[in-house]
Amino acid sequence: MDEKEISQAVIGRLPRYFRYLGELKDEGVERISSQDLSALMKVTASQIRQDFNNFGGFGQQGYGYNVEYLYDEIGKILGLDRRHKFVIIGAGNLGRALGNYTNFERRGFIFRGMFDSNPELVGSQVRGIGVMPMEELERFIQENDIDIAVLAIPKASAVPVAERLVKTGIRAIWNFAHVDLNVPEGIQVENVHLSDSLMKLSYNISRYQMEDRHLGEQKRD
Ligand code: NAI
């Protein structure tokens, strides 16, 4: 595969392609045209062709795309052919919900440990994994070659905890705390803000209501 840089916008769309192709594969579909994929995903066929052209196309004229091949290739681009071990820091509502989500394993993300600074939570279990005290963080990450730390702690704690993580040689941080982390180049940070998605939803509700009202007014005119 061509090693040219793929834009973050394209990378951002790959998980959705991967999800749809996985479903098609499970249904036994062997190939699909960009038109059919377009109708299914509600993305233009030209967008799909453009996106796939970034990494060599994978399509054949008159044949369409081989679903399994495309699924595997996108999986490789996303690094999903490798296993990533992760720990969760913060055993509260969010941390426990993430720890209990078994589907991450299907994608190669292996839940290995959980930490919390609250001594009352230490020793409690999430999916058979005992919550450990923060004093054990560095040793555990290094001994178990952990790739990803999930931050599910309040923002005031996230910055100092991220500084500790950097020193362990962690490769990536999946950050749910509402604060931007300053980490050295080479450590990947992905911020997740569910409320951003809700705000987008709120915008779309308002826009729909406005359009609906506007249409109603036009009908009355
Ligand atoms: P929670 O209060 O139920 O859990 C937080 C846990 O973090 C507690 O168990 C606490 O003991 C632990 N903690 C605090 N400081 C710590 C430290 N220095 N080291 C280790 N553990 C520490 O809160 P919840 O609902 O689980 O939320 C956790 C964080 O995630 C909050 O900051 C919240 O704002 C954020 N959040 C973010 C979302 C997003 O979409 N980004 C969605 C939901 C929550």
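Helices here are DSSP runs of H or I with at least four residues, numbered from the N terminus. With that in hand, let's explore this predicted model through two exercises.

**Exercise 1.** Find which element gives the largest share of the lining of the largest pocket, and work out why the pocket lies between two domains.

*Solution.* 
- Step 1: Start with the space itself, which is about 2000 Å³ in the largest pocket.
- Step 2: Look at the centre of this pocket. Of its 42 lining residues, the closest to the centre are Ile11, Pro15, Leu78, Phe109 and Glu190.
- Step 3: Turn to the elements. Those giving two or more residues to the lining include α1 (8–26), α4 (67–77) and β4 (84–89). The largest share comes from α1, with 7 residues.
- Step 4: Bring in the domains. Domain 1 (8–77) and domain 2 (84–195) both contribute lining residues, so the largest pocket lies between them.

**Exercise 2.** Describe the surroundings of the ligand, beginning with the residues closest to it.

*Solution.* 
- Step 1: Of the 22 residues around the ligand, the closest are Leu94, Asp116, Phe176, Val192 and Leu194.
- Step 2: Check the backbone. Phenylalanine 176 has a polar backbone atom 2.9 Å from a ligand nitrogen, and asparagine 93 has one 3.0 Å from a ligand oxygen.
- Step 3: Consider burial. The ligand alone exposes 850 Å², and the protein buries 72% of that.
- Step 4: Finish with the shell. α8 gives the most to it, 3 residues, and the shell divides into 12 nonpolar, 8 polar and 2 charged residues.

Technical notes
Residues are numbered from 1 along each chain as its sequence is written. This is a predicted model: local features need pLDDT of at least 70, side-chain atom pairs count only at pLDDT 80 or more; totals for chains, interfaces and linings use all residues. Side-chain values use heavy atoms; hydrogens and water are left out. On a 1 Å grid over the protein atoms alone, a cavity is a set of points where a 1.4 Å probe fits but cannot get out, and a pocket is an open set with protein on both sides within 12 Å along at least five of seven lines; lining residues have an atom within 4 Å of a point. Grid points are joined across faces, edges and corners, and a volume is the space filled by probe spheres set on the points. Domain bounds come from an automatic or database domain assignment. A residue is near a molecule or strand if one of its heavy atoms lies within 4 Å of it. A polar contact is a pair of N or O atoms within 3.5 Å; within protein, one must be able to donate a hydrogen and the other to accept it, and residues adjacent in sequence count only if both atoms are side-chain atoms. Accessible areas come from the Shrake-Rupley method with a 1.4 Å probe; for residues, only the protein chains shown count as cover. Ala, Val, Leu, Ile, Met, Phe, Trp, Tyr, Cys and Pro count as nonpolar, Asp, Glu, Lys and Arg as charged, and the others, Gly among them, as polar.
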